[in-house]
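Please keep the sequence and the model in view while reading.

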Amino acid sequence: MQHFKAFTSAICQDDLGQLERMINEWLENEHPHIHYMAQSTFDQHLVITFVYAKRPEHATAVATAEAEVPEVFERTLEHADLDPSGRVHVPLPQVELPY
């Protein structure tokens, strides 16, 4: 899921150093996967916006999806050889074509 986050220099009296520290702190605490970043002005203030995904949810979902292997694949890949890259080499099964 994508999220939106905006920072403005108005909340730190236009101190760009403080604005940078706020953004860095957010990046360190949240570890977002940033899809898009933009900066613009609003009156005399700087506005920085992010469109991002939360990494922990995404990493957990990917790890869970990779860990769950349906039983049919476990049976057919039981004696498959693995190469050093972790790829599985399995020949295609023989099937009868419908024509």
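Does Asp14 count as buried, exposed or partly exposed, and what is its relative accessibility? Asp14 counts as partly exposed because its relative accessibility is 35%; buried means under 20% relative accessible area, exposed over 50%, and partly exposed in between, for a 1.4 Å probe and protein chains only. The model is predicted: local features need pLDDT of at least 70, side-chain atom pairs count only at pLDDT 80 or more, and totals for chains, interfaces and linings use all residues. Residues are numbered from 1 along each chain as its sequence is written, and side-chain values use heavy atoms, with hydrogens and water left out.

**Overall composition**

- The protein chain contains 3 helices and 5 strands; helices (H or I, at least four residues) and strands (E, at least two) are DSSP runs, numbered from the N terminus.
- Read from the N terminus, the order of elements is β-α-β-β-α-α-β-β.
- The protein chain has 99 residues, of which 14% count as buried.
- Among contacts between residues at least 6 apart in sequence, 43% join residues at least 24 apart; contact means heavy atoms within 4.5 Å.

**The sheet**

- An open, antiparallel sheet is built from 3 strands in the order β1-β3-β2; two strands pair if DSSP finds at least two bridges between them.
- β1 (2-8) and β2 (32-42) are the edge strands, and each has a single partner strand, so one side of each lacks a neighbour in the sheet.
- From one strand to the next, the twist averages 20 degrees; axes are lines fitted to C-alpha atoms, for helices over the stretch in contact, and angles run from 0 to 180 degrees between N-to-C directions.
- β1 and β3 (residues 45-54) run antiparallel and are joined by 7 bridges.
- Ala6 has Thr49 in β3 as its bridge partner.

**Helix α1**

- Helix α1 (residues 16-30) lies across β1, β2 and β3, and runs at about 5 degrees to β3.
- The 15 residues of α1 should span 21 Å at 1.5 Å a residue, and the end C-alpha atoms are 21 Å apart, which agrees; the expected span is 1.5 Å times one less than the number of residues.
- Leu19, Ile23 and Trp26 are the buried residues of α1.
- These residues cover an arc of only 60 degrees around the axis, which puts them on the same side of α1; the arc is that of the directions from the helix axis to the C-beta atoms.
- An α-helix has 3.6 residues a turn, so residues three or four places apart point the same way.
- The cover over the buried residues of α1 includes β1, β2 and β3.
- On the face turned away from the buried side, α1 carries the exposed residues Glu20, Arg21, Glu25, Glu28 and Asn29.
- At the N-terminal end, Asp15 caps α1, with a side-chain oxygen 3.1 Å from the backbone nitrogen of Gly17.

**Loops and positive phi values**

- Most residues other than glycine have a negative phi.
- Asp14, in the loop between β1 and α1, has a positive phi near 60 degrees.
- Asp43, in the loop between β2 and β3, has a positive phi of about 55 degrees, and is exposed with a relative accessible area of 63%.
- His31, which follows α1, has a positive phi near 50 degrees.
- Ser9 lies in the loop between β1 and α1 and counts as buried, at 1% relative accessibility.
- Leaving aside neighbours within four places in sequence, Ser9 is in contact with Asp14, Leu16, Leu19, His45 and Leu46.

How values were computed: Polar contact = N/O pair within 3.5 Å; in protein donor to acceptor, adjacent residues only side chain to side chain.
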